Structures are given as C-alpha cells and as structure tokens.
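I open this notebook to record what I looked up in the structure, entry by entry.

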Amino acid sequence: MRSNFLSRVHRGIKRRIMRLLNKPVPLYFSIAADITNDCNIRCPFCFSTFGAPRVNMTPDHFVKALSLTPLVAEGMFLISCAFEPTIHPEFNSMLDLISPHLGSRAILSTNLLAPDPDTIHRLAELPIHHLNVSVDSLEAQSYESLRRGGRFERFEENLHRLCDCRKISSRPVPMFGISVVTRRNRPFLKDMGYRLADLGFVLHEVRDLFLDSATPARWKSDSILTDEDWDGLMEELSDASPILQITPPLRLFERYAGHPRLNPYQLKYIQTGVGLRIEPEGRVLVQGTDRVYHLSDIDDPLAFFTREYPSLARIVAP
Ligand SMILES: C[S@@+](CC[C@H](N)C(=O)[O-])C[C@H]1O[C@@H](n2cnc3c(N)ncnc32)[C@H](O)[C@@H]1O
Ligand code: SF4
C-alpha cells in the first residue's frame, strides 16, 4: 500500500517537473500494438501462442492506435510485440500511415523473412525510433534450429538488401539486432557483434530467454545456459564489440554489476507504470488489470486515454 502511494507521489512530482520543463509527459509506461496474431515461422522459444483464426488490424484501427504514441517515451510504442507484422496483407500501406511525428516514439520488430524487396526498401527508411531485426545467428544450421521454419539463405538475402537500402538512403532507420542466448548460437555471439556493426547495426542485444511451462522440457534442457555457462559467456563477451549489450537472467543481474557490456536499459523494461496492449481486432487491454476497451468505441483515443490515465494509475500496481 505504502509503496503504491509513494510511487503515485513520485509519478505526480515527475509529471509536474516535466511540465515545468515544457517537455511532453509520457503518461504510459508502454503501448504494445500487434497488427496481426500470427507468424510465418515457429521459433521453439517464442512466448506467443498461435492457432487462433488469423485477425489483421484494419488501417482505421492502426491510425487510432498510432495516435497514442505521444503518451509514451521514445521507443516505448511497439508496432509489433508478440507476432510478425510483415505478414499483414496490407503491410506496405500500413507503413505509409506512420508519419515522422508519430513514428519517433515507435519501434517495429521483424524476423525479416517475409518482406519482398519493395517492403524492405520501405523498412530501410521507416521514420521510427528504431527497427528491431531478430537475428539469433549468422550461421545457417544454428539459425534454422532457432528460427524454426525460416531459411537462413532468405534471411541473409533480406538482411543484405536492407543494409544496402540503408546505405543509399538519406534518412536510414536505426537498426537494432536481437539474439536470444542458447547453447546453439552461443559460440557465434561474440563474432556476430562485429559482423552486425559492419552491416550498420547500432546495437545488438543478446538476451536471456524467459520461458514458461509451454516450452518443451527437452528443448529447455538442450538449449538453456546454466548459471556457470552464463559466467563463462559474460567473461568471454567482456571485450566484445561495443554495439553488444547483454541482458542476462534477472537473478544474475547483481552478480554482473559493472560488466562493460551489461544492458543499461534492462531495468527500464521492468514495468513501472501503466501499460496498454492493443490486439489486432482493436481490443485495448490494460496490463495487470481486467480493464478492456475497444478502439471502435473511441473516437479520439489520445484524449480518451489521457483522461483515463489517473484512474488506471490507481488500479495498476507499481
Ligand atoms: C515475439 S517477437 C515478435 C516480432 C518478430 N516476430 C520477431 O521475431 O522479431 C519479438 C522479439 O521477442 C523475442 N522473443 C521471443 N520469445 C522470447 C522469449 N521467450 N524470451 C525472450 N525473447 C523472446 C524474439 O526473438 C524477438 O526478437
Ligand atoms: S518470428 Fe517472432 S513471433 Fe514468430 S515465432 Fe519467432 S519470435 Fe515468435
């Protein structure tokens, strides 16, 4: 109770200071909007659940969702969170709806396996905060065992096309790479940092997996690093490429304090405020609560969710 109260006071003071500094106040911690509920591949570690009939967000709902970007800090509006956005049948025209003003706080994550050359050209210049490319490995066998159903040859071709398009663009999108850490790709992680830096990536996040009981026990025992493995990896990566940032298991975070490649933003991702999740059908869920809204019922989402914020902040645990 007391920490709830203190946290509200803290947020209130922060908002007042930001207003005094005349800065826009990011009311919400994050907004995650998935434009589809499916994926073209099946990574064995993926936290998403598949199998429901395919639903794709309408452009009308996408415009409404995007109007909420002023409510979050830079990089905290996720255009895709749990599924693969590029398989949306109107993906290219959805991209055209992202203005530099609305896009500056947004990020988009992709496995880069589905887009055709035209889409890749658009991604290379997308006016967003950054584009996340899930890499996992630059070696064919381990890539295909982790990105199950994806062909490495296709990924490599698209990756090089994206990088070539960025090179000749006057406003290239900043590219971040993401690789999950498993025994399968571990031998390649250090080298990947250098190779991705050469390709123009500004960051390569090497992250621990968070897995639940849905992941087969056999896969976990074959793939997951022990704490001793993590100690070895952290040691090995201490002089890795400067673009590499490691997100180790949270339980080991203290142990690696001061490590030169520790992801400084890791703690930022632990939710400390109100988060919204927008589903492809337009339902808006308030994370950590059973509150649900629908974009079809809301004419002006920005005004609506600005008004709703104080009541939501009261019901969400800090
Ligand atoms: C769920 S995917 C959605 C976007 C897109 N399909 C992709 O793979 O980039 C977003 C990111 O979450 C990562 N991810 C998926 N399952 C994970 C897990 N269990 N633990 C940590 N990261 C995970 C993926 O590797 C990917 O980089
Ligand atoms: S590509 Fe992304 S959404 Fe698809 S299975 Fe892999 S991690 Fe999950």
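**Entry 1: confidence.** I am working with a predicted model, and I noted that the mean pLDDT of the protein chain is 91, with 90% of its residues reaching 70 or more. Where pLDDT is low, the predicted coordinates should not be read in detail.

**Entry 2: the chain as a whole.** I counted 11 helices and 10 strands in the protein chain, and buried residues make up 35% of its 318 residues. Taking the contacts between residues at least 6 apart in sequence, I found that 75% of them join residues at least 24 apart.

**Entry 3: ligand 1.** Which residues come nearest to ligand 1? Of the 19 residues around this ligand, I listed Glu84, Ser109, Ser134, Ile178 and Leu209 as the nearest. I also asked where the shell comes from, and the elements that give it two or more residues are strand 3 (106-110) and strand 5 (175-180). By class, the shell of ligand 1 divides into 11 nonpolar, 6 polar and 2 charged residues.

**Entry 4: ligand 2.** Around ligand 2 I found Cys39, Ile41, Arg42, Cys43, Cys46, Ser48, Phe83, Glu84 and Asn111, a shell that divides into 5 nonpolar, 2 polar and 2 charged residues. I followed up Cys43, which is found in the loop between strand 1 and helix 2 (59-66). Because Cys43 has 18 C-beta neighbours inside 10 Å, it counts as partly exposed. Leaving aside neighbours within four places in sequence, Cys43 is in contact with Leu146, Arg147 and Arg148. I also noted that Cys43 and Gly150 are 107 residues apart in sequence, yet 8.9 Å apart in space from C-alpha to C-alpha.

**Entry 5: Leu27.** Is Leu27 buried or exposed? I found that Leu27 has 21 C-beta neighbours inside 10 Å and therefore counts as buried, although its place is in the loop between helix 1 (2-20) and strand 1 (30-33). Not counting residues up to four places away in sequence, Leu27 touches Leu71, Thr306 and Tyr309.

**Entry 6: strands 1, 8 and 9.** I traced the pairing from strand 1, which runs parallel to strand 8 (residues 275-278) over 4 bridges, with Ile31 standing opposite Leu276 in strand 8. Strand 8 is in turn joined by 3 bridges to strand 9 (residues 283-286), in the antiparallel sense, and here Leu276 stands opposite Val286. The hairpin of strand 8 and strand 9 has 4 residues between the strands, and I noted that Gly282 takes a positive phi near 105° there.

**Entry 7: helix 5.** I asked which residues of helix 5 (residues 117-124) are buried, and they are Ile120, Leu123 and Ala124. Seen down the axis of helix 5, these residues fall within an arc of 100°, so they line one face of the helix. An α-helix has 3.6 residues a turn, so residues three or four places apart point the same way. The buried residues of helix 5 pack against strand 4 (130-134) and helix 7 (152-167).

Definitions and conventions:
Residues numbered from 1 in each chain as written. Chains lettered and ligands numbered in written order. Predicted model: local features only at pLDDT ≥ 70, side-chain atom pairs only at ≥ 80, totals over all residues. Buried ≥ 20, exposed ≤ 12 C-beta atoms within 10 Å, placed from the backbone. Arc of directions from axis to C-beta. Contact = placed C-beta atoms within 7 Å. Near = placed C-beta within 6 Å. Nonpolar A, V, L, I, M, F, W, Y, C, P; charged D, E, K, R; others polar. pLDDT = per-residue confidence, 0-100. Pairing = 2+ DSSP bridges.
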